[in-house]
Amino acid sequence: MIIDSHVHFGNSSDWGNFSPEYLMSIIEDVDYAVCSNLNGINSPASLFKDETECNLEMSEAAKKYPKLKPLAVCQPNITEDSSALRKLLESYSEFVGLKIHPEYMRLPADSDKYNKYLGLAREFKKPCLYHSGHIKSRFSSPVLIYKKAREFPDVPIILGHLSTGPRECHIQAIELLLDAIENGRANLYTDVSWIDFAYERINDTMEDTLMLIERLRKTKKGDQTHRILWGSDAPVGAFNHTRESYSKNLDIFRQRVWERFKDETLLENLLSGNARRLYGF
Ligand SMILES: [Zn+2]
């Protein structure tokens, strides 16, 4: 089974206009995909939808394509409080988690404006998928996300992309993960989207992804690789634009993990088991 824990549809001013149908054509080999709607994240102003609108659109798409497991986009930069999101979570139980993009909101990840949303995540037991940006980003640095995650240690926080940028960012983000795990300070997870696909060029060796797995295999708290999820960010990024390229990337991931660790269970968990257990589906 394959679960992609990070996909989108919708209009992105930076990346393109992706219909749910187009997304479905790319992820044909996937059994489930955890999805959020770009129309509430970074669409052009004329197409931008507020929290409720964009999440209802997400819910409609998931009804049409049950393969999609919806995440509720959060807009704490715009809203007064989290009451609209509370209503949504109460009425639409299909939402498996929350999606938070501090970079596009231009709202630093350690801002108190997130507190009510993370409070809802705690109350409704929903993991939060963050865009985890460059280690030096003043909005979405994993350092800032970790700071906030420590205030909500019982909420699973996923560092989407681990951290963008070069290897140095990945190394530092892994140190944060280890600090959270070994000192029990926060409940951090990560997905592998973009780690070795930066700058539109696939790093076939997948060295940074393998480094992440290796480090989490041998922590002071034992094997913590259940905190790593397969994710692509499809259709965002040219390498995610066709079913063929998606399958190729998936194959490379499988191959590299197998060559390095020769561990069927590990591979299966990275590709689906970890996401299934985290999201409970
Ligand atoms: Zn994304």
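This is a predicted model: local features need pLDDT of at least 70, side-chain atom pairs count only at pLDDT 80 or more; totals for chains, interfaces and linings use all residues.
Q: Why does the chain's radius of gyration agree with that of a compact globule?
A: For 281 residues, the rule for a compact globule gives a value near 19 Å, and the chain has 17 Å, which agrees. The C-alpha atoms fill a box of roughly 45 × 40 × 30 Å along the principal axes. Inside it, the chain has 10 helices and 9 strands, and 49% of its residues are buried.

Q: What does Leu 188 touch, leaving out residues up to four places away in sequence?
A: Contact calls for C-beta atoms within 7 Å. By that test Leu 188 touches Tyr 146, Ala 149, Ile 157, Leu 159, Leu 177, Ala 180 and Arg 227.

Q: How do you know that the span of helix α9 is close to the expected one?
A: Set the two values side by side: α9 (residues 243-261) has 19 residues and reaches 27 Å from its first C-alpha to its last, and 27 Å is expected at 1.5 Å a residue. Just after α9, Lys 262 takes a positive phi of about 45°.

Q: Which residues of α9 are buried, and why are they said to be on the same side?
A: The buried ones include Tyr 246, Asn 249, Phe 253 and Val 257. They cover an arc of only 65° around the axis, so they sit on the same side of α9. The buried residues of α9 pack against α1, α8 and α10. The face turned away from the buried side carries the exposed residues Glu 244, Asp 251, Gln 255 and Glu 259.

Q: Why is Asp 31 called partly exposed?
A: A residue is buried with 20 or more C-beta neighbours within 10 Å and exposed with 12 or fewer. Asp 31 has 13, so it counts as partly exposed. You will find Asp 31 in the loop between α1 and β3.

Q: Where is Asp 31 relative to Met 1?
A: The two are 30 residues apart in sequence and 6.2 Å apart in space, C-alpha to C-alpha. Beyond its neighbours within four places in sequence, Asp 31 is in contact with Met 1, Ile 2, Ile 3 and Lys 67.

Note on methods: Residues are numbered from 1 along each chain as its sequence is written. Two residues are in contact if their C-beta atoms, placed from the backbone, lie within 7 Å. Helices (H or I, at least four residues) and strands (E, at least two) are DSSP runs, numbered from the N terminus. The radius of gyration is taken over C-alpha atoms; the globule rule is 2.2 Å times the number of residues to the power 0.38. The expected span of a helix is 1.5 Å times one less than its number of residues. The arc is that of the directions from the helix axis to the C-beta atoms.
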